[in-house]
Amino acid sequence: MPHSHYIDNLNSRFTRFTLSPHQPFTTDYVLQEIFEIMIALGLEGSANKLGIGIIEHNIETGQVNILANVRHTHITPPGTGFLPRDTAAHHRAHIIPVIREALKTANVKVKDIDVICYTKGPGMGAPLVSVAVVARTLALLWNKPIVGVNHCIGHIEMGREITGANNPVVLYVSGGNTQVIAYSEHRIFGETLDIAVGNCLDRFARILNLPNDPSPGYNIEQYAKRGNKFIELPYTVKGMDVSFSGILSFIETVANEQLSTGQCTPEDLCFSLQETLFAMLVETTERAMAHIGSKEVLIVGGVGCNLRLQEMMAQMAEQRGGKVFATDERFCIDNGIMIAHAGLLAFRTGFVTPIEKATCTQRVFAFKESFEYNDG
């Protein structure tokens with residue numbers, strides 16, 4: 001989007017601002033000199049969670065205020081997953097009411113919003129597009145700049161803001177991603193070689209016909225708390241990478257053969273699966289910590305809500321004299337506030353996505369962008 005597209009809008013909001021004849025009128029000057037308070041609207045819809053967030057940055061003090069964090073989830077019947085077409089239809093049906101609810105909760109007007117941020121990727125194609133269309137439309141209707149945000153970066157930056165983690169090893173675990181990342185080096189140390197850990201859990205929940213409300217991973221966690229028999233499963237760590245597809249196939253066979261005969265219970269299987277998957281993640285995370293000399297672990301992504309994962313990681317970190325940083329479901333699970341926050345960090349550096357390039361991509365690495373989100 002050309003900078004001139006929103007210069008007039010800035011002028012109308014800050015009538016006290018004047019320039020000397022020797023000061024060129026640029027957005028960089030505007031961002032650095034005019035704004036004391038900046039507000040961003042964030043739109044997230046990369047999977048089955050539709051999230052709208054509104055965040056406020058105080059440029060002078062560094063204070064960040066969450067004004068609204070509203071979410072609406074596409075929930076399917078037990079034993080089923082969610083299809084891109086149906087998920088996109090859900091987002092289209094609910095996004096305008098959710099935006100209105102967020103604006104009402106935040107008590108802000110359209111004129112107060114400085115930038116519109118949306119998830120550019122990665123994610124499911126149809127849901128991503130459905131939300132991006134709304135973001136572009138609002139940017140044009142409201143005469144606002146737009147910033148496309150990397151979904152992975154959104155999780156990481158929101159996690160750092162909420163927890164105060166400075167230079168962590170990041171364990172990013174969700175339904176579509178599993179990565180071990182060194183934050184300061186912007187380097188991915190390890191990742192899944194096939195399916196994500198959240199996808200493994202979700203698909204096993206379908207095998208057991210567990211409900212998708214509030215989420216299959218949450219219901220597996222509750223079942224696992226009642227398990228008392230550990231069933232040995234394949235443990236697949238290859239260097240710094242992990243593999244989950246073989247474990248899923250193996251435990252499906254066990255479920256088909258042993259549940260009907262009473263050799264084990266669904267609770268036992270959930271317990272065994274969690275313990276195995278999370279041990280693999282702890283191992284690779286610990287090696288990354290040793291490599292870069294970090295004492296911090298930040299867990300982000302939807303699976304990061306799992307208290308057992310947090311407990312296992314904390315035990316490892318404590319033995320190394322370190323600390324684990326994690327958040328609850330408000331910020332672990334996909335949400336609009338993380339998109340608003342990461343997008344506003346980028347916008348404050350002068351970054352804007354041209355409207356003709358405000359598209360989506362299903363596959364993108366965590367640190368694909370060339371700009372920095374913070375001063376660290």
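1. A polar contact is a pair of N or O atoms within 3.5 Å; within protein, one must be able to donate a hydrogen and the other to accept it, and residues adjacent in sequence count only if both atoms are side-chain atoms. By this rule, the side chain of S294 reaches the backbone oxygen of N167 at 3.0 Å.

2. This is a predicted model, in which local features need pLDDT of at least 70 and side-chain atom pairs count only at pLDDT 80 or more, while totals for chains, interfaces and linings use all residues. Residues are numbered from 1 along each chain as its sequence is written, and side-chain values use heavy atoms, with hydrogens and water left out.

3. The average pLDDT (the predictor's confidence in each residue, from 0 to 100) of the protein chain is 89, and 87% of the residues score at least 70. Residues 1–30 have a pLDDT below 50, yet this stretch has 48 contacts in the model beyond near neighbours in sequence; contact means heavy atoms within 4.5 Å. Over residues 369–376 the pLDDT also stays under 50. Where pLDDT is low, the predicted coordinates should not be read in detail.

4. S294 lies in the loop between α9 (266–292) and β11 (296–300); helices (H or I, at least four residues) and strands (E, at least two) are DSSP runs, numbered from the N terminus. With 5% relative accessibility, S294 counts as buried, a term for under 20% relative accessible area, with exposed being over 50% and partly exposed in between (1.4 Å probe, protein chains only). Beyond residues up to four places away in sequence, S294 touches N167, P168, V169 and M289.

5. Helix α5 (residues 151–163) is largely enclosed by the rest of the structure, because 11 of its 13 residues are buried. Among them are H151, C152 and R160. At the N-terminal end, N150 caps α5 through a side-chain oxygen 2.8 Å from the backbone nitrogen of C152. Just after α5, G164 takes a positive phi of about 85°.

6. An open sheet of 5 strands, with mixed pairing, runs in the order β8-β7-β6-β11-β12; two strands pair if DSSP finds at least two bridges between them. β8 (187–191) and β12 (323–325) stand at the edges with a single partner strand each, so one side of each is left without a neighbour in the sheet. β7 (residues 178–182) and β8 pair in the antiparallel sense over 4 bridges, and the bridge partner of V180 in β8 is G190.

7. Two helices pack on this sheet. α5 touches β6 (169–173), β7, β11 and β12, whereas α9 touches β6, β7, β8 and β11.

Methods:
Axes fitted to C-alpha atoms, helices over the stretch in contact; angles between N-to-C directions.
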